[in-house]
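Dear colleague,

I am passing a structure on to you, together with some notes on what was found in it. Please look through the sequence and the model first, and then read on.

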Amino acid sequence: MLKRKWKIRAISFLFVGAAGFVLWKVSRSAFSISRVLHERVSNEISEKNEFKDVVYTSFDKDSNEIILESSNVKKTGDKVFDFSNLVSTFNISPDETATIFADDAHFVSKDSKQCEMNGNVRLLTEEGILLETEQSFIDMDKKIAHGDTEILITQDDTQFFAKKYHFDMGNKVVTLIDDVKGNLADDLIIADKLIIDFDKSIGKDFKKVRAFGNSLYKTVQYNIKSSREMIYTDQYAEVNGNVDLDFKKDKHNYHVKADHITMDLKKNVIKKVVAKNNLRIKVDEATSIQGDFGILENDFLTITGNTVIFNEKGKILCKKAILNMKTNDIRVYEAKGVIKKN
């Protein structure tokens, strides 16, 4: 009887062990299936290479921080990424940052921080300069932006428009090309090509404006045109190539033509003008003067070198003529002759 009980117990232990073995196998199989499913899901996500609501921090070649924020990032190649609704903040100088916005951005080289941006591109500097365009190539290491699409640049009461552009953010130089138009406060400038060199902001603080090709600079007091080159600052202007200068002073209108003209300015008002080569001056509609060299200063206009005066009396040949701009009287020196009108 005792032996039979032990046999029953042995058989029971055997079944328990078998059941445990089967349970262990089932659990292991379930774990394996779960692991395989997890790996497949992970592989499907990695194959898409897409990430949502990304905030990414990088560094430029000078170890300055670059922050990239995007609603969607997709990896399209080795170290190449496409960003949607990008907002990026980066340094353009040791003490100034810029923020750029774009609908889409394609980073062509992650290592060099170069990217192509498209759709509602806006670049805003810490000093308040705003560039708006539809396409731009940005190099965050070299601190440059350029493109072949129409661009609008604004800052306070200054505004520029062009069809092509190059912005050297580090050196604070903007180059505008093709159908360039701009307003500096109340002034108007038009040119084929315009280079703006500024300190901290475009507008009253600009250092230099250089216009090339057919250009016009128009202010309340004067208009000046050139077919070649114009350099303009808030205190000085130099113009070359078929120069036309129109201005008004003491109720008289003056039209000056020359190959080369320089002007000293104070608060956008002419203080001194020097003109040379093929000089022709017309005062109102009554008097014209020709010469090789002319200088306007302290309300006197002096013309020298093969000087010829045309007025209602006829033509006067002389060595030098001085026009009093207040009275409009002309003093003649070393006259060579007078040719009277018939």
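**The largest cavity**

Two or more lining residues come from each of strand S17 (236-249), strand S18 (252-266), strand S19 (269-283) and strand S20 (287-297), and S19 gives the most, with five residues. Over the whole structure, the search finds two cavities of 30 Å³ or more.

**How to read the model**

This is a predicted model, in which local features need pLDDT of at least 70 and side-chain atom pairs count only at pLDDT 80 or more, while totals for chains, interfaces and linings use all residues. Residues are numbered from 1 along each chain as its sequence is written, and side-chain values use heavy atoms, with hydrogens and water left out.

**The chain as a whole**

The chain has one helix and 24 strands, taken as DSSP runs numbered from the N terminus (helices are H or I with at least four residues, strands are E with at least two). Of its 342 residues, 39% count as buried, a word that here means under 20% relative accessible area, with exposed meaning over 50% and partly exposed lying in between (1.4 Å probe, protein chains only). The chain exposes about 19,900 Å², of which carbon and sulfur atoms supply 52%; these areas come from the Shrake-Rupley method with a 1.4 Å probe.

**Aromatic rings**

The structure holds three aromatic pairs, meaning rings of Phe, Tyr and Trp (its six-membered ring) with centres within 6.5 Å, called stacked when the planes are under 30 degrees apart, edge-to-face when over 60 and tilted for the rest. One of them joins Phe-83 and Phe-107, whose ring centres are 5.1 Å apart with the planes at 55°, so the pair is tilted. Phe-83 lies in strand S3 (residues 80-93) and Phe-107 in strand S4 (residues 96-109), so this pair ties together parts that are 24 residues apart in sequence. Phe-83 is buried at 7% relative accessibility, and Phe-107 is buried at 5%.

Another pair, Tyr-217 with Tyr-232, is stacked, at 3.9 Å centre to centre and 20° between the planes. It links Tyr-217 in strand S14 (residues 215-218) to Tyr-232 in strand S16 (residues 229-232), 15 residues apart. Tyr-217 is buried, with a relative accessible area of 1%, as is Tyr-232, with 2%.

Charges also sit over rings, which requires NZ of Lys or CZ of Arg within 6 Å of the ring centre and within 35 degrees of the ring normal. Arg-122 lies over the face of Phe-101, 4.5 Å from the ring centre, and the charged end of Lys-193 sits over the ring of Phe-212, 5.7 Å from its centre.

**Backbone angles to check**

Most residues other than glycine have a negative phi. Asp-178, in strand S11 (residues 173-184), has a positive phi of about 75° although it is not a glycine, and Asp-178 is partly exposed, with a relative accessible area of 37%. Ala-185, in the loop between S11 and strand S12 (187-198), has a positive phi of about 55° and is partly exposed at 38%.

With best wishes

Technical notes. On a 1 Å grid over the protein atoms alone, a cavity is a set of points where a 1.4 Å probe fits but cannot get out, and a pocket is an open set with protein on both sides within 12 Å along at least five of seven lines; lining residues have an atom within 4 Å of a point. Grid points are joined across faces, edges and corners, and a volume is the space filled by probe spheres set on the points.
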